[in-house]
Each structure stands twice: as structure tokens, then as C-alpha cells.
Amino acid sequence: MAQVEATTERVVAADPEKVFDTIADYSGARGKLLPEHFSEYEVREGGDGEGTLVHWKLQATSKRVRDCLLEVAEPTDGELVEKDRNSSMVTVWRVTPAGEGRSRVVVTSTWNGAGGVGGFFERTFAPKGLNRIYDLILANLAAEVEK
């Protein structure tokens, strides 16, 4: 099993604190940022950053649906970590200053991929598909915080 990684980033025209608070607001803003690839969104505990437990289904392809139950942690300022209880997937959101009134948002997901030929295709294509989904989320985030 090889580790698979997908990383996407975007600079948005809003202060880092506002951007981070929007990403961490699972009971409000976060659900609105998700594109059509997500369904059955539900906050099960908490709702604002650390201590949140959130569920969703992610349809990465027409045939591949992940049932995700994510525990949220905030290990450092500007960093949100989502660990999936149902898989090895870990997603890290980092928000850092990018100049006056601007923020850089970097989202990285890692997981243990399959072995063999299937693993080769997963390592080759899954990050590209996930990056497209994260691009949509980051575009929605920018639209939300740049109002």
C-alpha cells in the first residue's frame, strides 16, 4: 500500500481569521461550500472546529462513493485536521497570511492507497479528481469570504 496525496491551494481576498472561521464553521458556512459531490451532510457533535464530528458522503466518481465520518482537530493556529473514522484519509486545511487582507488556503488529503495495478491507477487519477473537487470548494469559499 502506497500513500496517496492530493493538494490544492488558492489565495483569497480576505483576512486569514475570517477564512479559517468560515472553514471551521461546520454547523453553518461549511455545508454551503460543498459542491454536488457531497451528500448526506450532517454535524453529529460540536459544529465549530475542534471537537466537531461531521458526516458526509463524497462521490468522487460516478462509481466511487466514500462514506466519511470525520473527527476535527485544531492542532495549531490556522490549521484544521479532519480524520476519517471510516478510512485512512486525513485532510488538513491550512490558512496563512498572503499579504494585506489576503489568505493562502492549502488543503491536503492523504490516505493509504491500494496495491498492485488498482493502486497504480488510484495514485495516478484519484488526486486529480480530488483536486478538481477541492478547486470547487475553494472557489465557493472565496465567493463566501470575499463578499
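The side chain of His55 comes within 3.1 Å of the backbone oxygen of Glu40. This is a predicted model, in which local features need pLDDT of at least 70 and side-chain atom pairs count only at pLDDT 80 or more, while totals for chains, interfaces and linings use all residues. Residues are numbered from 1 along each chain as its sequence is written, and side-chain values use heavy atoms, with hydrogens and water left out.

**His55**
- His55 sits in strand 3 (residues 53-59); strands (E, at least two residues) and helices (H or I, at least four) are DSSP runs, numbered from the N terminus.
- With 6% relative accessibility, His55 is buried (buried is under 20% relative accessible area, exposed over 50%, partly exposed in between; 1.4 Å probe, protein chains only).
- The His55 side chain also has a polar contact with the side chain of Asp67, at 2.6 Å (a pair of N or O atoms within 3.5 Å; within protein, one must be able to donate a hydrogen and the other to accept it, and residues adjacent in sequence count only if both atoms are side-chain atoms).
- Leaving aside residues up to four places away in sequence, His55 touches Glu40, Tyr41, Glu42, Arg44, Asp67, Cys68 and Leu69 (contact means heavy atoms within 4.5 Å).

- Seven strands make an open antiparallel sheet in the order 1-7-6-5-4-3-2 (strands pair if DSSP finds at least two bridges between them).
- Strand 1 (3-12) and strand 2 (38-45) are the edges, each pairing on one side only.
- Helix 1 (residues 16-24) lies across strands 1, 5, 6 and 7, at about 160° to strand 6 (axes are lines fitted to C-alpha atoms, for helices over the stretch in contact, and angles run from 0 to 180 degrees between N-to-C directions).

**Salt bridges**
- The whole structure holds seven salt bridges (a side-chain nitrogen of Lys or Arg within 4 Å of a carboxyl oxygen of Asp or Glu).
- One of them joins Glu82 and Arg30 at 2.7 Å, N to O; this pair links distant parts of the chain, strand 5 and helix 2 (residues 29-33), 52 residues apart.
- Glu82 is buried at 2% relative accessibility, and Arg30 is buried at 2%.
- Arg44 and Glu42 form a salt bridge with closest N and O atoms 3.0 Å apart; Arg44 is partly exposed at 42%, and Glu42 is partly exposed at 38%.
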